[in-house]
Structures are given as C-alpha cells and as structure tokens.
Amino acid sequence: MVKLTRRNLIRLGIASAAVLAGADKLFGKQPILSGKLKLEDGGKDFSPETGKERKVIPTACWQCVSRDAVVCYVEDGKLVKIEGNPESIRNRGKICAKGQAGINQVYDPDRILYPMKRAGRRGEGKWKRISWDEALNELTARLKKLLDEGHPEKFMFHYGRMKGSDDKIIKDNFLPAYGTGTIGNHTSICEGAKWVAQELTWGKHYDVNDVQHANMILNFGCNIMEAHTSHIQLSQRTIEAMAERGTRLITFDVRLSNTAAKSTEWIPIKPGTDGAVVLAMANVVMQEELYDSDFINKWTNVTVDELKSHLKQYTPEWAEKISGVSASKIRSLAIEYGRARPGTIVSYRGAVAHYNGVETERAIKMLDAILGNIDVKGGTCRAVSAKWSYPKAKGEQKKLKILDGLKGDAIYPTHHINHRVLKAIKDGSNGRPDVYMIYCYEPVYANGEVQENIDIMKDEKLLPYIVAVNPFYTESTALADLILPDVTYLERWSWDDMVSYEHIGEFYIRQPVVSPPGQTRQFQDVVCELAKRLGLKLDFDSAEDFVKKSCEKSKVDFEYLKKHGVWHNPEDKPKYKSYAKELKPEQYTAENVLLDAATGVYWDWKKSKAKTVEEAQEKGYTATKDAYKGYVGQKIGSSVYAGFKPDKLNKSGLFEISSNFLKKEGYNPLPSYFPVPEHENMKKDEMILTTYKVGVQIHSRSQNCKWLTEIYHENPAWINPATAKSKGIKDGDNIKVKSRVGDIITKAKLTEGVHPQVIAISHHLGHWEYGAYASGRGCKDYQNHVCEPDCHNKWWKGVGVHPNWIIPNSPDPIAGQLRFMDTVVEVTRA
Amino acid sequence: MKPIERSNVYGLLSRVYSSEPSKDFLESIRGSSFIEALGQDFKSASLNELVDELSVEYTRLFIGPGSHIYPYESAYRKDKGSIDKDIKNFIESRGLRYRSDFTEGPDHISVELEFMERITQEEIKARKQGDLKKASSFTELGKKFVNEHLIKWVPIFSDRVIDVASLSFYREMAKLTKEFILLEGVDKNE
C-alpha cells in the first residue's frame with residue numbers, strides 16, 4: 001500500500017484531477033454552494049453581537065399529553081427559547097421544565113434524518129440510508145399487495161402518542177380509506193381502567209377536577225404537581241386554591257411524591273387498597289346523612305336505602321385493616337369532605353393501575369356523586385374541549401382480533417389491551433399482521449415484560465415486516481426493517497383540542513417554528529403521498545391543508561391562529577351541569593328516534609348497528625350493538641334531559657352507580673372491594689413494586705433532552721429504612737429486585753417517604769437506545785465527546801434502570817389495564 | 001502543490017464526505033492511481049458489492065441511527081458557541097448560497113471542503129487573468145478559512161474515522177484528509 005507522505009499527496013493531487021476530469025458530473029454530488037464567490041462582504045449582513053431579530057411563533061407543546069400552548073423564539077432560524085403562551089386560557093402562560101426543554105428534541109444530535117432500511121439482521125444496528133422514493137416504493141408495494149389480496153387488516157397501525165389532527169388524518173382518513181381497522185393504541189398502559197370505570201358510570205371521559213372552585217380536594221394516587229394528563233392546568237389551579245382560598249388537599253399515596261409533600265396532609269396507604277378507604281368514606285357519608293338526596297334520587301339509578309345497605313359492610317375499621325389508614329382518620333376526613341361541598345376527588349394511576357382499579361374509580365365517582373359534586377362548579381366535571389370539524393373519509397375497515405390481547409383477558413376492554421398485543425401476535429390464533437407499523441409507540445420499552453417484547457419483535461416469522469415512524473432511534477425503532485423519520489412537534493402542522501380547566505373549549509394549532517432538518521417529513525404529509533401511490537382518495541393534500549380545511553369547517557380563523565396560536569369563542573361560558581339541560585320535543589321526536597322503555601333512553605337507531613327499525617325495537621337500546629352512538633337523551637319523570645351521555649357502552653343517561661354491565665359478568669353491580677390476588681398471600685419478606693413519574697421527565701420520550709437528563713438521570717429504589725434494616729440493606733447499597741418475570745439491579749435509597757411494604761422505582765430511565773444522552777452510549781465511545789458543542793458538558797455517567805423488565809404484562813379483569821402497581825417482588829442485597 | 005491540484009483534492013474529498021459513493025465515482029477512483037492507496041478490499045471487491053458495503057459503512061460512520069461520527073465543525077469546537085451559524089454567515093456573506101434542498105448542517109465537512117474548492121478555483125481564475133492582487137486576496141481568504149476552521153477540527157474528525165472505519169476506503173480517505181489539511185495549514189505556496 002502507498003504510504004501517505006507529502007510527496008505522495010502531491011501525486012494524489014494530480015490523481016484527484018484525473019478522477020474529477022473523468023466525469024462530466026460529480027458522481028451524483030450536486031454542488032452545495034451556488035452564486036458568485038466574492039471577497040468583500042455583501043448580500044446578507046449579520047451583526048455578530050446585537051441587532052438580531054428574534055421571531056416569535058406561537059405553537060403547542062407536545063412533550064406530554066397535556067399539550068399546552070407555547071410561544072417559540074427563533075433567532076437566525078434557530079429555536080432559542082420556549083415559553084407558555086399567555087393568551088391561552090388553559091395553561092395561562094405557564095409551562096413546565098419539560099416544555100422548555102423541547103428545544104433539545106429539535107437539536108438532539110441523534111435524530112434520524114433520513115429514511116433507513118435495515119442492512120443486517122433485525123436489531124443488529126446496520127442500516128442503509130435510502131431515499132423517500134425508495135422507502136415509499138417498498139412500503140407501497142407491501143400495502144398494495146395486501147389490498148389486492150383483500151386483506152387490508154393485515155396492515156396493523158399501532159400508535160403511542162397521536163392526538164388532534166395528527167390522529168384524525170391517520171385514523172379518520174388514511175386508514176379507513178385503506179380499509180384496515182387493525183389499529184392499536186396505548187391507553188391500557190396509561191389509565192384505561194379509569195376511563196372504563198367512567199364509561200360504566202357517567203359515560204365519556206375525561207373528568208376535570210374543578211379545583212379552582214373546590215372547597216376541599218381528595219387525591220388518590222395522582223402526582224398532580226409533577227405529572228397528570230393536564231399537569232400545568234391542574235397544578236397551577238390547585239396551588240392557587242390552596243394559597244389563596246385555603247383549600248385543603250389530602251393526598252393518599254404509597255409514596256411521598258412532591259404532590260404529597262405540597263399537600264395539606266399525606267396519608268400513606270397500602271397499594272391497591274384505595275377502594276376500601278373510598279367505600280368506607282362513602283359509608284360514613286351515608287350514615288352521617290351528609291349525602292345529596294336530590295342528586296341520588298333524580299340522577300342516579302340507585303336509592304338512598306340501597307346505598308346505605310350496600311355500604312354498611314365497609315366500616316372504617318374494616319378499611320383500616322386493609323389499607324393501614326386509621327379508622328378515625330377515614331371517619332373524620334369523610335365528614336370533613338362531606339361538609340366541604342363542593343369538593344372534588346382527583347385520581348390516577350396510583351389508584352387505578354391495579355387488579356381492582358375499575359372498582360376503585362367507580363367508588364371514587366360514586367363518592368362524588370352521592371355528595372352532589374358531579375359537574376358542578378368546584379366539583380368533578382365532565383371535560384369540555386374545542387369541537388373541531390374536519391374532513392373525514394369513510395370506508396369499511398376490517399380488523400384482526402388482536403387488539404384486546406388474548407381470549408378472556410378482560411370483560412370490557414373498551415380502550416383495548418395494547419400490552420397484550422405482542423402476546424396475541426405470538427399466539428397467532430387470530431392472525432398476525434404482515435406489515436406492523438409503529439408510530440411514536442414503544443412496544444419494547446413502554447410495556448412490561450421487556451425481554452418478551454424484544455423476542456417477539458425480533459422474530460421475523462411472527463412479524464415479517466416492521467416499519468417504525470419516529471424522529472428518534474428508540475429501542476423499538478432499532479428492531480424495525482424500515483425507519484421513516486418523522487419531524488418533532490416543533491416542526492409540524494396540526495390542530496389540537498386538549499380539555500380546558502376553564503370549561504370553555506380552546507382551539508389551538510401547532511405550526512413549524514423551524515424547518516425540519518435532513519429529510520425528515522411529517523408523517524401526516526407522508527400518508528398523503530402514500531394514499532396517492534395506493535390510489536386512495538383523501539380530501540386534503542398535506543397536514544397544513546388539513547388544518548386549514550378544519551379551520552374553515554369549524555369557522556375558526558386560520559390566520560388568527562397562526563398569529564396567536566389559540567382561540568376561544570368569547571361568548572362561551574363555563575359549561576356546568578350539562579346533564580340537566582332539558583331537551584326540546586323536536587330533538588327527541590325526530591325521525592328514527594326511539595324511546596327505550598326499559599332505560600328511558602331516547603336513541604336514534606340509525607346510528608347503531610341495527611339493520612331495521614323492527615330489529616332495533618325488538619332488541620332494545622341496551623342489546624343493540626353501538627346503540628350508544630345514537631343516544632339522544634334521558635327521560636326522567638315527564639321531562640327529557642341531556643343526561644350523562646354514554647360512550648363505548650350502551651349505558652343509560654343516568655349516573656349509573658349500579659352497573660348491569662358488571663352484574664351480567666358476575667360482579668356486584670354496586671361499587672365493591674376485592675383485593676389484588678397476589679397481595680393476599682405475600683411472604684413476609686416480599687414487597688410491592690410501585691412506579692412513578694418525576695416532574696422533569698416524560699414517561700419514555702424525554703431522556704434524549706439533555707437539560708432534563710442532566711437534572712434527572714438516576715433512579716435508585718426508594719425503601720423504607722425499617723424494611724431495609726430487616727433486609728440488611730444500607731443506603732446506596734446495590735440491590736436486586738426480582739419478580740416472577742425477571743430481575744434488575746439498582747441502588748437503594750432509604751427514605752421514610754415510602755410505605756414499608758413498597759419499593760418505588762421511577763419510570764423514564766434505563767434506556768439502551770434513544771441516543772447518547774438517554775442511553776449513555778455514543779459519546780462515551782470516543783475519547784473526547786464529539787456530537788454537539790455542548791456535549792463535553794455532560795458530566796454525569798448514570799442512565800438509571802428501567803423497572804418494566806420485571807413488571808408482568810398482566811391485565812385487570814374488567815378493563816384490561818396493565819397492573820403497573822401490583823407486582824410482588826423479592827428485594828435482596830446484590 | 002499547485003493551486004489546481006489543491007482545488008482538485010478539495011473537490012474530491014468534498015465528494016467523499018457528501019454522501020454515499022456512487023458507482024461511477026468508485027469506478028473512476030479504481031481507474032486512477034488512487035487505488036494503490038485504498039487497500040486490498042477496495043481493489044478486489046465487485047463494484048456493486050462495494051457500492052452496497054460502502055453505503056452501509058457511510059450510514060454507520062456519519063449518519064446513524066445510533067452512535068456515529070458527527071461530520072460538523074460545531075461538534076468539535078467547544079470554544080465556539082454558534083459555529084454553524086458563523087460558517088453559514090461567512091459563506092453567505094461571500095456571495096454564495098446553499099442549495100435549497102441541502103439538508104445537512106451548514107458546517108458539514110463537505111461544505112467547508114467545497115468552499116475551499118471554490119476559493120482555490122477563483123484564485124486560479126484570477127491568476128490566469130493576470131490579476132495577481134485578486135489572486136493573493138483569495139489565497140489569503142483560503143488561508144484564513146483553513147486556519148480558523150478546517151485545521152481546528154478536520155484532523156480530529158479524521159482520526160475518529162480512522163479509528164472506527166471497518167472498510168479501507170474511508171479509513172484511507174480519512175488519512176489523506178488529515179495529511180492534506182495539515183499540509184494546507186502550513187504551506188500552500190510551494
């Protein structure tokens with residue numbers, strides 16, 4: 001081989017000339033720079049220090065599902081700062097640390113900038129950059145083949161975070177036009193049990209706790225100050241109520257979260273027993289005659305006597321034995337809460353991600369109902385959000401029956417059981433997708449039983465073709481065959497509609513604040529091209545066009561939204577007690593509207609699956625498939641009211657404290673307590689694993705943000721000192737945490753702020769992909785950090801541990817919710 | 001080295017780092033005396049295989065996903081906060097524009113190398129026209145750009161490529177790049 005000496009370099013200079021002279025073009029390289037090179041300054045002028053114009057562009061956050069309105073500051077085309085949008089009635093100019101660190105998403109040095117095709121074995125990490133044309137040719141061919149074979153359902157689309165117009169473009173347009181209904185979501189790893197419980201009682205979720213007008217707030221297992229689906233809206237109003245009006249916040253939690261620390265009182269509770277406490281409180285409310293008999297009699301489907309006699313078994317003394325919360329505390333809080341009306345109960349995963357989570361949430365809603373706290377100012381309200389109109393495509397959608405996991409997993413999985421989808425694919429008895437597309441979804445990392453997820457994803461016999469749509473190289477993306485690089489939320493067009501704690505719908509949009517880097521493309525634009533290639537018709541040709549057309553249909557000024565980011569109708573007033581609105585006769589005597597004698601529901605049978613009016617009349621409202629879609633109103637006495645509109649289940653328009661849906665399946669129709677089976681016969685030294693979120697990280701999608709990971713990159717396990725002592729564990733010791741599906745090694749953090757039977761490990765960390773900051777891989781491979789100017793400032797080494805390796809993908813029997821907080825573990829020194 | 005040779009090396013290296021190699025590019029290199037410097041595996045592999053292998057290698061080395069070598073000056077200049085913007089401003093203030101569909105960062109190695117190619121070309125043109133003052137101004141501009149930018153990071157970048165490359169093509173090209181830039185940094189008036 002020729003040695004590279006200077007002499008040889010000169011020869012190579014001549015050789016280069018020969019190489020370049022040999023072709024009339026630069027071998028596929030277009031010149032990057034054009035124009036005439038000059039010696040003097042000109043054309044554009046830049047002041048090195050001052051005089052730079054900062055553009056301010058309003059858009060919307062999307063670090064977490066709260067989706068607050070923000071404004072972005074852009075200098076020389078670079079995003080330099082994000083703040084809350086002061087014009088928003090929801091977040092009122094405030095955002096959290098995660099929102100401010102959104103800049104890091106855009107400038108993550110590890111973003112995927114080009115379509116990638118797998119070059120080695122699946123998961124080996126070898127990739128070939130390909131053009132969009134090549135990528136879409138390949139994908140179109142596969143999708144076309146399924147269409148030609150009459151099996152569109154073998155294209156499975158599985159999404160994690162997808163909301164607003166991003167969701168409507170895919171789910172209400174592209175996928176119906178294509179014909180697949182095999183659409184997976186991720187709600188069962190969030191709060192599916194909470195929504196199912198609400199569907200069983202008052203219909204459509206969400207619930208909005210009107211804390212700013214409440215006299216007292218009870219909190220079961222929600223980290224209001226650090227997480228919650230409406231984090232910034234809820235936390236600022238909670239603090240305001242506490243600081244300005246002295247509202248008391250009582251937090252039941254197995255752990256001293258920052259919310260518990262900010263609360264008037266923290267009440268430690270044994271995991272999975274919140275329901276027992278709530279039922280005992282309801283019992284006290286009934287015994288002490290603190291209930292709202294008007295509400296119970298008119299709006300619920302039970303009587304005061306029925307409630308009294310059902311609840312009397314749940315004494316505070318009984319609940320104390322189960323939960324560890326003292327009977328006197330339960331009694332005094334029940335009386336205090338009963339007298340403080342209006343009050344509201346906040347609940348989240350600490351209460352619902354259990355075997356008995358649905359029953360706990362039902363009991364919580366019952367307690368607020370019997371106190372008349374439902375949908376009143378200062379109470380527990382039904383959510384109000386912007387009602388967008390938008391283009392929709394219709395089409396028959398066939399689906400594989402794998403969305404609800406395995407047979408017998410749950411009785412009412414109305415939000416599906418996404419953590420069991422891979423198991424259903426492995427099982428194969430209901431078919432398998434030929435094309436499995438994951439969109440901002442992390443089946444490997446976000447579900448339990450991580451190793452099994454990896455094994456199934458890696459098996460090309462089970463999943464022949466995996467497409468990942470993501471801006472980042474995540475654990476799941478690493479197991480794909482084709483990667484389509486999406487843009488981040490700061491480079492996309494969408495409209496959004498998150499619920500409003502002002503009870504007035506806020507319309508808002510997301511618009512690009514910087515241009516997308518590399519060849520990243522918003523996936524909603526990509527599906528417009530895919531549709532064309534597949535010969536499918538959509539009524540819009542880009543994400544921006546969809547937003548524009550939605551604005552026209554919704555009578556919202558697009559240009560105003562571009563300038564201000566948010567808009568609400570100034571005429572709108574907060575909507576309380578919407579259930580008590582009386583309907584006009586023309587509403588319930590309209591064509592196709594029937595009165596169901598059994599329930600008193602007026603319903604439009606045409607919107608159900610009934611084929612004829614005779615069939616609808618014969619089967620009745622409750623037994624006709626999708627009858628809830630035609631719900632019009634509820635007859636009470638001689639009047640007809642809007643009532644509690646059902647969703648997903650053919651519930652009546654009453655607030656159903658007693659549920660026939662559960663009775664039918666052998667459950668007590670009234671909210672009841674049953675224990676978590678695994679917690680019944682625990683050995684003396686076993687513990688219960690609980691997981692939680694912190695204020696500066698999103699569940700799985702923020703660890704690539706250097707500012708956040710600098711703050712939070714280690715998650716030692718919280719253990720009570722008394723428990724630790726009995727196990728010979730000292731603060732900082734390495735410990736092994738072992739469940740029936742695996743074990744992890746982590747460090748112990750001794751703190752009184754955790755229930756003695758509980759070991760608490762946060763989510764968020766322990767990534768092995770997702771770029772250098774999240775995984776600790778990459779930069780450290782080189783002697784000097786080299787990836788971006790700031791990288792040498794990375795002073796920390798730890799990446800933490802991920803608890804999901806040892807959490808079974810186990811569903812609750814009613815909703816199918818992943819029982820994140822039920823896992824029994826052995827904890828030993830490692 | 002003569003200005004025309006320097007210009008050609010800049011042009012060639014700019015091509016090497018701008019994207020995956022095309023078949024005709026590799027073919028042309030194999031037909032030149034370069035081949036001696038590029039190792040046995042480069043010589044003996046079939047051209048189609050080589051295009052495939054080098055495409056995967058290019059992706060792995062410079063694009064990712066996952067751990068890779070960042071071909072941007074800003075990644076290596078810890079002392080400077082906004083080098084990418086500075087480079088863009090400097091190049092644009094000299095009358096040049098970035099291709100509208102160019103999607104890499106403005107301080108990509110192939111941009112800086114191409115900028116030097118343009119400067120050396122102008123230098124040659126001015127000299128041909130007998131405008132020696134203009135020619136030496138371009139020489140000075142080039143010297144300034146090499147000494148303020150390329151020399152500060154390209155040798156470190158090249159060392160990483162030499163370390164990490166698994167095929168001889170990029171390893172040897174990186175050696176060449178390093179030596180060439182070091183040479184450019186000291187004397188250009190031979």
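In the predicted model, strand β15(A) has buried residues on both of its faces, with V435(A), M437(A) and Y439(A) on one side and Y436(A) and I438(A) on the other.

Strand β15(A) has paired strands on either hand. Strand β7 of chain A, residues 155–159, runs parallel to β15(A) and is joined to it by five bridges. Within this pairing, Y439(A) of β15(A) lies opposite Y159(A). Strand β16 of chain A, residues 466–469, is also parallel to β15(A), and four bridges connect the two. Here I466(A) in β16(A) is the bridge partner of Y436(A).

These pairings belong to an open sheet of seven strands in chain A, ordered β6-β5-β17-β16-β15-β7-β8, in which the pairing is mixed. The edges are taken by β6 (127–129) and β8 (183–184) of chain A; each has a single partner strand, so one side of each has no neighbour in the sheet. An antiparallel pairing occurs between strand β5 (residues 116–118) and strand β17 (residues 482–484) of chain A, with two bridges. K117(A) has L482(A) in β17(A) as its bridge partner. Helix α4 of chain A, residues 132–148, packs on this sheet and touches β7, β15, β16 and β17 of chain A. The direction of this helix makes about 110° with that of β17(A).

A second open sheet in chain A consists of three strands in the order β18-β19-β20, with antiparallel pairing. Its edge strands are β18 (494–496) and β20 (566–567) of chain A, each with a single partner strand, so each has one side without a neighbour in the sheet. Three bridges link β18(A) to strand β19 of chain A, residues 507–510, in the antiparallel sense. Among the residues concerned, D496(A) has Y508(A) in β19(A) as its bridge partner. Helix α20 (residues 543–554) of chain A packs on the sheet through contacts with β18 and β19 of chain A, and its direction makes about 45° with that of β18(A).

The largest nonpolar core contains 280 residues, of which M281(A), A282(A), L367(A) and I759(A) touch the most other members. Helix α9 of chain A, residues 274–287, gives the most to this core, with 10 residues. Leaving aside residues up to four places away in sequence, A282(A) touches L311(A), A363(A), M366(A), L367(A) and I370(A).

In chain B, the axes of helix α2 (residues 23–30) and helix α4 (residues 47–63) come within 10 Å and cross at roughly 115°. The crossing of α2(B) with α4(B) is right-handed. The contact is made by K23(B), L26(B) and E27(B) of α2(B) with L47(B), L50(B) and V51(B) of α4(B). By class, four of the residues in this contact are nonpolar, two are charged and none is polar.

Helix α5 of chain B, residues 83–93, has as its buried residues I83(B), D84(B), D86(B), I87(B), K88(B), I91(B) and E92(B). The elements covering the buried residues of α5(B) include β1 (33–34) of chain A, as well as β1 (97–98) and α6 (109–128) of chain B. After α5(B) comes G95(B), which has a positive phi near 90°.

Note on methods. Residues numbered from 1 in each chain as written. Chains lettered and ligands numbered in written order. Predicted model: local features only at pLDDT ≥ 70, side-chain atom pairs only at ≥ 80, totals over all residues. Buried ≥ 20, exposed ≤ 12 C-beta atoms within 10 Å, placed from the backbone. Pairing = 2+ DSSP bridges. Contact = placed C-beta atoms within 7 Å. Axes fitted to C-alpha atoms, helices over the stretch in contact; angles between N-to-C directions. Core = buried A, V, L, I, M, F, W, Y, C linked by C-beta atoms within 7 Å. Left-handed = near helix turned anticlockwise from the far one by under 90°. Nonpolar A, V, L, I, M, F, W, Y, C, P; charged D, E, K, R; others polar.
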